[in-house]
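Please look at the sequence and the structure first.

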Amino acid sequence: MSTTPLVRWLAVAALTLGIFSIVTSEILPIGLLTAIGADFGLTDGVTGLTMTLPGIVAALAAPALTLATARLDRRVMLCAMMALLAAADVLAAAAWSYEAMLVSRVLVGLTIGGFWSVGAGLAGRLVPPAAVGTATALIFSAVPLGSVLGVPAGTLIGHAAGWRAAFAVLAGLAVLVLAALLVLLPPLPADRITAAGTLAALLRRRGIAIALLATFLVVLAHFGAYTYVTPFLEQVTRLHPAAVSSVLLLYGAAGVAGNFVAGRTVTTHPRATFIAAGALIAAATLLLPVIGGTVGGAVALLALWGLAYGAVPVCSQAWFARAAPDAPEAATVVFTSSFQATFALGALAGGMVVDTLGVNAVMLCAGVAALAMAASLWALTR
């Protein structure tokens with residue numbers, strides 16, 4: 001296989017598209033939550049399990065799959081995970097019951113744990129050292145792109161042709177990504193084999209502990225509230241369901257901007273960048289119950305929220321990487337596992353708050369958690 005610079009950058013693009021399809025599959029229920037719940041006769045909080053389950057499975061699968069496939073060529077593993085994602089989206093599109101839908105979400109979680117924990121850290125093996133930062137930022141741009149393109153597009157498809165059609169389109173995208181990975185990725189034999197002892201040793205490092213705490217609080221805040229942003233916009237802002245996708249599009253566009261801004265600043269000011277992201281998420285979520293009843297207020301705050309959250313994956317991954325430069329794949333596994341576990345917990349906790357206290361309350365709870373993240377990171381790293 002050719003290993004020209006162009007082919008290697010195309011391989012980076014294929015990895016980016018792979019993570020984009022995974023992220024979109026994972027968070028698509030945010031835009032279709034009410035439609036899925038209505039189809040199965042469920043409350044918003046119970047339907048939120050479609051967001052919780054993949055995160056739980058991914059948190060367990062990231063270390064388990066990485067250890068089990070430690071000696072497997074990474075190209076083979078990535079292709080297998082993308083085939084699994086295609087199967088998961090087909091099952092979601094055809095789901096004959098809510099239980100079948102949840103099975104498809106388990107498969108999505110397995111894909112996240114296997115693909116993201118390996119693919120997110122491969123930039124250094126595909127491009128020259130001087131370009132690793134740019135390639136990593138490109139790969140992680142898939143996270144906000146899932147919001148800016150994936151969720152709004154899926155929501156539009158869902159409202160036009162039914163939520164099942166949106167998952168069918170994602171299945172087709174996964175097949176295209178699989179073909180691109182097969183063609184573009186060079187052989188990637190296991191490099192630094194990750195062992196269970198390596199993962200355990202990382203957890204005893206102070207830098208890793210700080211990264212875990214900061215990631216836990218900010219991801220808990222974000223997904224505890226963002227999972228239920230569609231009910232908020234429909235019930236509080238009084239937006240028509242068709243208009244929700246436009247607001248989510250703006251949110252995602254701001255997220256892409258935040259991702260690339262953070263990609264430039266996190267190398268020189270990691271602490272300030274991460275703290276600013278948490279503080280801005282706190283400001284947006286705390287103010288939404290106050291001024292989010294107006295369209296202008298909701299749109300402005302969601303743009304601010306998107307800008308801030310776009311920086312979070314880059315900042316978190318960079319913090320883990322700085323804390324373990326000698327074990328990059330292991331650091332990525334810990335990052336993926338902690339991120340997804342908190343993602344699941346946030347969606348679950350948010351659902352409980354929504355069903356008992358309402359959508360305004362979940363925004364306030366998220367604001368407190370994000371504020372705690374910014375304050376704790378500032379205090380622990382002075």
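Setting aside residues up to four places away in sequence, L65 touches M77, M81, L110, G113 and G114 in this predicted model. L65 itself sits in helix 4, which covers residues 49–68. With a relative accessible area of 22%, L65 is partly exposed, because the cut-off for a buried residue is under 20%.

**Other single residues**

S21 belongs to helix 1, made of residues 5–27. The relative accessibility of S21 is 0%, so S21 counts as buried. Beyond its neighbours within four places in sequence, S21 is in contact with M82, L85, L170, L173 and V177. Among these partners, M82 and L85 are in helix 5, while L170 and V177 are in helix 10.

Y309 is part of helix 16, residues 295–323. At 7% relative accessibility, Y309 counts as buried. Its contacts, not counting residues up to four places away in sequence, are H222, F223, Y251, I281 and F339. One of them, H222, is 87 residues from Y309 along the chain, yet the C-alpha atoms of the two are separated by 7.6 Å.

S338 is found in helix 17, which runs over residues 328–357. S338 has 14% relative accessibility and therefore counts as buried. Leaving aside neighbours within four places in sequence, S338 is in contact with L212, T215 and F320.

A257 lies in helix 14, residues 241–265. Its relative accessibility of 36% makes A257 count as partly exposed. A257 and P144 are 113 residues apart in sequence, and 8.8 Å separates them in space, C-alpha to C-alpha.

The relative accessibilities of four of these residues are listed here.

| Residue | Relative accessibility | Class |
|---|---|---|
| S21 | 0% | buried |
| Y309 | 7% | buried |
| S338 | 14% | buried |
| A257 | 36% | partly exposed |

**Two helix pairs**

Two packed helices are described by the angle between their axes and the distance between the axes.

Helix 5 (residues 74–94) packs with helix 10 (residues 163–184) at an angle of about 165°, and their axes are 8 Å apart.

How do the axes of helix 6 and helix 17 cross? Helix 6 (residues 98–119) and helix 17 have axes that come within 8 Å and cross at roughly 140°. Helix 6 and helix 17 are therefore oblique to each other, and their crossing is right-handed. Helix 6 contributes I112, W116 and S117 to the contact, and helix 17 contributes E329, T332, V333, F335, T336, F339 and Q340. By class, there are five nonpolar, four polar and one charged residues in the contact of helix 6 with helix 17. F339, on the helix 17 side of this contact, is also one of the residues that Y309 touches.

**The protein as a whole**

How many helices and strands are there in the protein? There are 18 helices and zero strands. The radius of gyration is 19 Å, close to the 21 Å that the globule rule gives for 382 residues, so the protein is as compact as a globular protein of that length. Taken along the principal axes, the C-alpha atoms fill a box of roughly 55 × 50 × 35 Å.

Of the 382 residues, 57% are buried. Among contacts with a separation of 6 or more, 86% are between residues 24 or more positions apart.

Methods:
Residues are numbered from 1 along each chain as its sequence is written. This is a predicted model: local features need pLDDT of at least 70, side-chain atom pairs count only at pLDDT 80 or more; totals for chains, interfaces and linings use all residues. Side-chain values use heavy atoms; hydrogens and water are left out. Axes are lines fitted to C-alpha atoms, for helices over the stretch in contact, and angles run from 0 to 180 degrees between N-to-C directions. Helices (H or I, at least four residues) and strands (E, at least two) are DSSP runs, numbered from the N terminus. Contact means heavy atoms within 4.5 Å. The radius of gyration is taken over C-alpha atoms; the globule rule is 2.2 Å times the number of residues to the power 0.38. Buried means under 20% relative accessible area, exposed over 50%, partly exposed in between (1.4 Å probe, protein chains only). Angles under 35 degrees count as roughly parallel, over 145 as roughly antiparallel, 65 to 115 as roughly perpendicular and the rest as oblique. A crossing is left-handed if the near helix is turned anticlockwise from the far one by less than a right angle, and right-handed if clockwise. Ala, Val, Leu, Ile, Met, Phe, Trp, Tyr, Cys and Pro count as nonpolar, Asp, Glu, Lys and Arg as charged, and the others, Gly among them, as polar.
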